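Open your viewer and get ready to select residues. We will go stop by stop.

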Amino acid sequence: MIISTNPLSSRTSERKIPTQKLARRKSEAEKAAAREREAQRQLMSIEELVQSERSFLRMLELSSGTIRSSLQKLQPPPAGLDGMFLYTQEVMDVSARLLSELDRFQPGDPRFLENLCESFLALSSDIEAAYKEYLANYSHVTVLENAYKQKEALWKEIVTVVKASAPEVNASSLSFFLVMPVQRIARYPLLLQTIQKHTEPSHPACALLEQTAHTSVALNCRINEYKRFREVADKYKKTENLTIRDKIVRLNTHSIAKKTARFSQHIKHETGMAPKVVDEEFDALEGFFAVLDHGILQLLENVETYLFNLQGFLECRTEEFDFDMEGEKSAVSYKEITTALRQWVLPTFEKRMRTLIHKPLSALRDLLVGPRNLIKKRFHKLLDYEVIEGKASLSFEEQEVVNTYKTLNTLLLNELPRFNGVALQMIWSMLGTFSCLHKDLTADMEQLFQSFAQQLPHSFLSHGAFWEWAESAVMDGARSLHALCQTVEETLNAPVVQPLSPTSHRRLQQLTGKHGSGKIYQVTSSVVGSRDLDLSLAKGELVAVISGADTRGDKRRWLVDAGGRRGYVASSKLIRYHQAAEDPPPSPHTGLPETVSGNRRYSYSPGPPAPTSRPCFQVLAAYNFTARGNHEVSLQAGRPVRVLEPHDKRGNPEWSLVEVASGQRGYVPSNYLTLIPLEAGPPAGFYPF
């Protein structure tokens, strides 16, 4: 064993040990300094998030408070100013809530980062709800501001107000403030990712911070997708009132080819040559929307009729007439009660009806236009989508068609249930309000009548005796009224064309102009569609028959046009609609001879049979007619009839009382009858007139 005794080697070993320790200490110091720098950067990023949030909220409060109030004082105030600040309050509320949660700890507190993440995650749904509506409406903000810029004097006033209200930020337009929420929601992911970048992996809140950063990114993606959906909806839900000239100008080879392809695809569906894409969820939503649409329009029409009749009642000043009952308490009380009703009770009721029922219903009717147009456009895009669905590779335009259809379909599946729910809730609310209004009207009338109760007859009777007298009087009045109605019905039992409502009259004109009067039918009872392409119709609706059979040849289902909607209806639910004022088509039978050309063919004069030296004439049914009640009789074209009276009980010559060969009597339209000469004399079974 050799032991080294070299003193130089021993001193070298002793120097190596301190050098290694110094290197380790230096490395540890550098790591500590790096951690300190990262901590400082993390703290600066956190402070930047908090301070920028405070500045953002302060700018929004300045714009929606000071600037908005100053602009409203302009004479006249800018049009649509409230639309500029739409959904701003919601953004301010969620920002204030986030700051209140962050103020629970100071930025230097170890628990601040965890509190920041938990607060953002808890408010993420509210942040998304507020910002997505604001961003979807921001395009409207830019349109309004551009409209203000077109008016030079108004724009100068707006710039002056903005600069005077916020001199420290050197703003020159409203968009300087209103674009801040658009920028803020996109900045959250950057700030959170910066904080995450400067956070140690060993930090207790590191995993929660990573989740928060991912949530902010996903939140921005959902908001952008919603904004894209809203832009598509705004594009297609508008109704364009184009003239024929405008439509012709828009025609080109591309549009003609597109419409031809859609029509061809639709024909293939109807004939069974191509399968149709069935979406049961959407079909259910569309069917419910159609029911709501029809119900809202019908309810609005009923309310308008109700208000019209109420206005007519108010115009009847019955208290101004002299009843020749001067001095009698009942007449004086009647005049006072009627005056109070006409001047106070009913006008108040009418005003509340217009404010609480008619105005919301009219607004709801206007809102139906957007979903209705989107459903129609979705059908058109579906036809385009089906044409190119089976292709292996798609061009850019075809891919755009696919994307548009899927966007519209997704948008309607997401938004239509909400619209249906809100619309249904509004209808129930308005019906409840309608009931409450009548309850208040009853209370007002009861209070009014009680003030005159002592002046009316029978006021001295006890409670039980009064109600016994009232019940007896009501029953006697009901019996008298019933007898009067029977008498009037027997006397005036003549066919009367019922007046159509304004909506039905417009539909009648539309269907008559498109299909002709001979194809107009009326629904005899309510129809609920239970099969594909079936229509749901209410009793009394007018339709035009397009085809007397379905695609399979079933004549029990007719294809009809219900004023834009087309579908199948059971033929047993339809009856031909007759209008007495309309002229029928030209008669297929021989007309009047020249010797009697001065008489109308339905103007008959009862009298003795014509002498044999003169030609004989016979009355025939020129067209088929189906009786619609017991007071009418059915006709068969070419069959002889006997005219009993050339007019109805009211003297109206448009209807004639006739007797057919079976002996049945009833009314028929006079212009459904015709005269033919009989040169050989009256045949067997001839009905003279």
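Is glutamine 265 buried or exposed? Select it and look. Keep in mind that this is a predicted model. Glutamine 265 has a relative accessible area of 8%. It counts as buried because that value is under 20%. Glutamine 265 sits in helix α10, residues 253–271. Now show its contacts: it touches Ala274, Leu383, Glu386 and Val387, leaving aside residues up to four places away in sequence.

Next, select lysine 247 in helix α9, residues 244–250. This residue is exposed, at 51% relative accessible area. Together with Lys247 they form a positive surface patch.

Now turn to charge pairs. Side chains of opposite charge can pair when their charged atoms come close. The model has 26 salt bridges.

Select arginine 187 and glutamate 48. Their side chains meet in a salt bridge, 2.8 Å from N to O. Arginine 187 is in helix α7 and glutamate 48 in helix α1, so the pair ties together parts 139 residues apart in sequence.

Move to arginine 230 and glutamate 133. They form a salt bridge too, at 3.3 Å from N to O. Here helix α8 holds the arginine and helix α4 the glutamate, so parts 97 residues apart are tied together. Arginine 230 is partly exposed, at 24%, whereas glutamate 133 is buried, at 15%.

Then pick aspartate 561 and lysine 514. Their closest N and O atoms are 3.7 Å apart, in a salt bridge. The pair links strand β3 with helix α16. Aspartate 561 is buried, at 1%, but lysine 514 is partly exposed, at 46%.

Last stop: select Arg507, Glu541 and Arg565, which are linked in a salt-bridge network.

Methods: Residues are numbered from 1 along each chain as its sequence is written. This is a predicted model: local features need pLDDT of at least 70, side-chain atom pairs count only at pLDDT 80 or more; totals for chains, interfaces and linings use all residues. Side-chain values use heavy atoms; hydrogens and water are left out. Patches are made of residues with over 30% relative accessible area and no salt bridge: like charges are joined within 9 Å, nonpolar side chains (Val, Leu, Ile, Met, Phe, Trp, Tyr) within 5 Å. Accessible areas come from the Shrake-Rupley method with a 1.4 Å probe; for residues, only the protein chains shown count as cover. A salt bridge is a side-chain nitrogen of Lys or Arg within 4 Å of a carboxyl oxygen of Asp or Glu. Lys and Arg count as positive and Asp and Glu as negative; His and the chain ends are not counted. The place of a charge is taken as NZ of Lys, CZ of Arg, CG of Asp or CD of Glu. Helices (H or I, at least four residues) and strands (E, at least two) are DSSP runs, numbered from the N terminus. Buried means under 20% relative accessible area, exposed over 50%, partly exposed in between (1.4 Å probe, protein chains only). Contact means heavy atoms within 4.5 Å.
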